Amino acid sequence: MDDVKFDKPPRKNPQRFGRTSRALFLAMCWQALPSAALAQTAGLDEGDTWHKADVARATFKKADGSAVDGAGVKVCVMSDSIDNGQGALAAARLSKDIPAEPQLKSIDGQEGQGNGEGLAMLEIVHKMAPSANLGFATGNVQPSQQVLNIQALIDANCKIIVDDITNPLDAPFQDGTIAKLYNAATANKGVLFIASAGNTGNRKYNNSGVWEGNFVDGGGAPAFGIGRINKFPSGTIAATLTAKTQQIWLYWSDPWDHPTNSYTLWVYIKRSNQFLPNGFQVHVANAPAEYLDATNIRGLECGGSTDPKDRCFDVGDYILVTKDDAPGTSQPSQPRFLRLDVGEGKLDVGTNGQISGRGGSENVLAVGAVASKGVFTGASVMGAGSADGPRRKFYNEGNTPIFTSDGSGRVVKKPDLAAANDVKTTLPPSLLNPFQGTSAAAPHVAGIAALILSYRPTLTPAQVGDILVGSAIDIESPGWDDVSGYGIPMADRALAIADDVVQPVDTTFNGKLENDTSWGGEAFAMAVQPDGKIVVGGGFGNKPTVQRLKADGSSDPNFHGATLPVGPGREPRQGATIYALALQSDGKIVMGGNDGVARLKDDGSLDPSFSQPQGVWSGARAMALAIQNDGKVLVGGAWGFARLKGDGSIDRDFKAAPDGTVRSLALQPDGKILIGGDFTHVNGQPRSQIARLNADGSLDTSFNFTAPAPPITALAVLGDGKVLAGGPGFMARLGANGTPDPAFNAEPINSNGGAVQALALLPGGKVLIGGDFLIVNGNGKLVRFGIARLHADGSLDRSFEAAPKGDGYVHAMVLQPSSKLLVAGKFKKVNDQANLDIARLKIP
């Protein structure tokens, strides 16, 4: 076999652009069907029933009493073709399983040629949302035409676009041209994009066709004359095919349009006992990628066939990757994160991460295929071929790099959801009837999304995505997993969640804080008096650092705005900042800030009977305050923790001595005191960022918790005695002894160190959190800026969304009667309603 010659014929277009996610399989298995095949209409309601879309349509009505059936929403599909060349579209229209024009309209000249997979997808959407308008454009075209077709669908007012197109030239490690188009359309046009996850397998079911990992130097490559060989984690330098394929792709984590390093694919052909000679690799112009295509290489015939389309890289062939000199230099390339992708083939070193390209974008819902049929439950299982995630990103738009400590990129949780497949269509009996794979799953999610928008047309794509996730039945591993995402969305549950989604800003509240705009004001503390008036403290330049508003938000003219007195003569100064407020039972207001503690009378004037100890807190922040039942004042700050008597003098009988800053505190009903901050010892005993004190300040040794990161910036005591604690990147619920409650799992995170800074407890166990975090529960799709509501188990309540804009910080929250929430911080708007640093929200 050593004399086999690999001849390379001229290639007109070796790259397989725009293939549907099942096209590789169909291309090998499709056989022509009789032209007289008739439509089969029985049983087309399978997915509609399994996802309970029929129940949703029968249960929910719009405000005017009309049906929730997709009316007012346009759903568009991009796939291979809208017909199969044998009259399938006409037959489906005749049987009324697909609507006629104008309810269904393709982009002129872009109906496509293929097996009619687009028709099958449209039938699913139409069954679930029968009054939705529909559109279509083919994706079996060159990438430049794909872009034009997507733009045409956007311009045709499609509110939901679902596609099953895969393209090896979709950048795997950053958003490429099409993903950027999707991002812009989501932001500017309110379009929701849904994509099939693909059918290239997953690691869980041992049929992965992808390996991803950092380059590891496995030694020189003298046999090839260049480079250093990559060593896979198994210790081998070779990745062996366990299932045949026709294309092998290699990507490395350089910017997509500006590669600065070079890597090369090498394949050992087992049946000829030799490496494929150099020169067959196709380097993608201006991209960190290259590939090999068996159909263009003579000598790679498979299965006894002489047809070029049957050529392949076969089982037992193995692949090596070398790191070469950087392009145009004699300097070695730098180590990069690699992706080896063998498409429909399988690798013995396969990892997770099959999902790539547009389906990996944060603004696209990627959908996997559920193998189970009928009634979906938590025991339902995924299809063995459904592609897994996660996706890894190394660059933001504009090629700005994303830095991670291990060099493996930012993880994007994909897929998002899973849905029905293996359902009947009107197409002739084939691989499209029943319709299988993720191409069948994605339109089921689009159908549910159409019902949601038909019911609540003002919802944003992000809100619709959150509702879909919130409606999902969790399957496979608990929570998100890399095969099923967040689970199976159910239409009846989705509309119930949509029913609760409100625009929570209370427009009857017109909060007006005096602010020196040149300074850039920021509210840090807030308290509500028994008469409903609102006291706010912060830093507002040359304006008072403590202000009072009436219940409607207007300024209280009877309150003399105060600043914190400092210095030997106790003079107020501009630029002071108040970080904490506490109300006494007699109506007086205790305030703490960057120059210590003072007390105001009810009219805002300074109370001279409260004397701040000279030299104790001069220039040191007071950051947390609480009033005990006996009227004594607890003060935490940069110097530690103390208790003051009613006249402001230090209570020397109180013995608490943390060795760092106290930033938060909470009182228990039994008089014990919780303190949080960035200290490591209290009264000489180890305590990590949180401690509980007895009423005399001694350490309660029965309570101990090690915080994952300092400092603890928010504390609250629940009615059952448990404790909520929040800080940078975490929320925890603790038992009476400080043990984390395993039934509570919440993780507000922010790559820039955002923290939970305020808590408000709601009836039923829900909790509102405020701070400067950006993402809740670590999922790029579930973005919350500064405010979020959590269920009693810590999961995100997706029915509530309030987005403070500007800097987007929330430092204080106070729950009012009648389900109203006051929030204060640093922001200019909340949900696009103008509110400068203070707002009131409705809490459904």
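Two strands pair if DSSP finds at least two bridges between them. Keep that in mind for the sheets. This is a predicted model.

Glu 522 stands opposite Gly 539 in E25.

Now the whole chain. It holds ten helices and 51 strands. There are 844 residues, and buried ones make up 58% of them.

Next, the cores. The largest nonpolar core has 72 residues. Which of them touch the most other members? Val 75, Ile 160, Ile 194, Ile 452 and Leu 468. Helix H8, residues 438–455, gives this core its largest share, twelve residues. A second, separate core has 26 residues, including Phe 215, Phe 232, Tyr 263 and Leu 347.

Look at Ile 160 in the model. Set aside its neighbours within four places in sequence. Ile 160 is then in contact with Val 73, Lys 74, Val 75 and Cys 76, among others. Leu 192 and Ile 194 are also among its contacts.

Helix H5, residues 117–128, comes first. The axes of H5 and H8 come within 8 Å and cross at roughly 35 degrees. The crossing is right-handed. From H5, the contact uses Glu 117, Met 121, Ile 124, Val 125 and Met 128. From H8, the residues include Ser 439, Ala 440, Pro 443 and His 444. Ala 446, Gly 447, Ile 448 and Leu 451 of H8 take part as well. By class, the H5 and H8 contact divides into nine nonpolar, three polar and one charged.

Then helix H9, residues 461–470. H8 and H9 pack at an angle of about 115 degrees, with axes 10 Å apart. This crossing is right-handed too. H8 brings Val 445, Ile 448, Ala 449, Ile 452 and Leu 453 to the contact. H9 brings Val 464, Ile 467 and Leu 468. How many of these residues are nonpolar, polar and charged? Eight nonpolar, no polar and no charged. Note that Ile 452 and Leu 468 were on the list of residues touching the most core members.

On to the buried strands. Strand E4 covers residues 133–138. Five of its six residues are buried, so E4 is largely enclosed by the rest of the structure. Strand E2, residues 74–79, pairs with E4 in the parallel sense over six bridges. The bridge partner of Cys 76 in E4 is Gly 135. Strand E3, residues 104–106, also runs parallel to E4, joined by three bridges. Lys 105 stands opposite Gly 135 in E4.

Strand E12, residues 247–252, has six of its six residues buried. What covers one side and what the other? Gln 247, Trp 249 and Tyr 251 lie on one side, Ile 248, Leu 250 and Trp 252 on the other. Five bridges join E12 to strand E16, residues 289–293, and the two run antiparallel. Tyr 251 has Ala 289 as its bridge partner in E16. Four bridges join E12 to strand E18, residues 337–341, again antiparallel. Trp 252 has Leu 338 as its bridge partner there.

Last, some backbone details. A cis peptide bond joins Glu 101 and Pro 102, with omega about 5 degrees. Pro 102 lies in the loop between helix H4 and E3. The bond from Lys 414 to Pro 415 is also cis, with omega near 0 degrees. Pro 415 sits in the loop between strands E22 and E23.

Asn 273 has phi near 55 degrees, a positive value in a residue other than glycine. Its loop runs between strands E13 and E14. Asn 273 counts as partly exposed, at 45% relative accessibility.

How values were computed
Residues are numbered from 1 along each chain as its sequence is written. This is a predicted model: local features need pLDDT of at least 70, side-chain atom pairs count only at pLDDT 80 or more; totals for chains, interfaces and linings use all residues. Side-chain values use heavy atoms; hydrogens and water are left out. A nonpolar core is a set of buried Ala, Val, Leu, Ile, Met, Phe, Trp, Tyr and Cys residues joined through side-chain atoms within 4.5 Å. Buried means under 20% relative accessible area, exposed over 50%, partly exposed in between (1.4 Å probe, protein chains only). Contact means heavy atoms within 4.5 Å. Axes are lines fitted to C-alpha atoms, for helices over the stretch in contact, and angles run from 0 to 180 degrees between N-to-C directions. A crossing is left-handed if the near helix is turned anticlockwise from the far one by less than a right angle, and right-handed if clockwise. Ala, Val, Leu, Ile, Met, Phe, Trp, Tyr, Cys and Pro count as nonpolar, Asp, Glu, Lys and Arg as charged, and the others, Gly among them, as polar.
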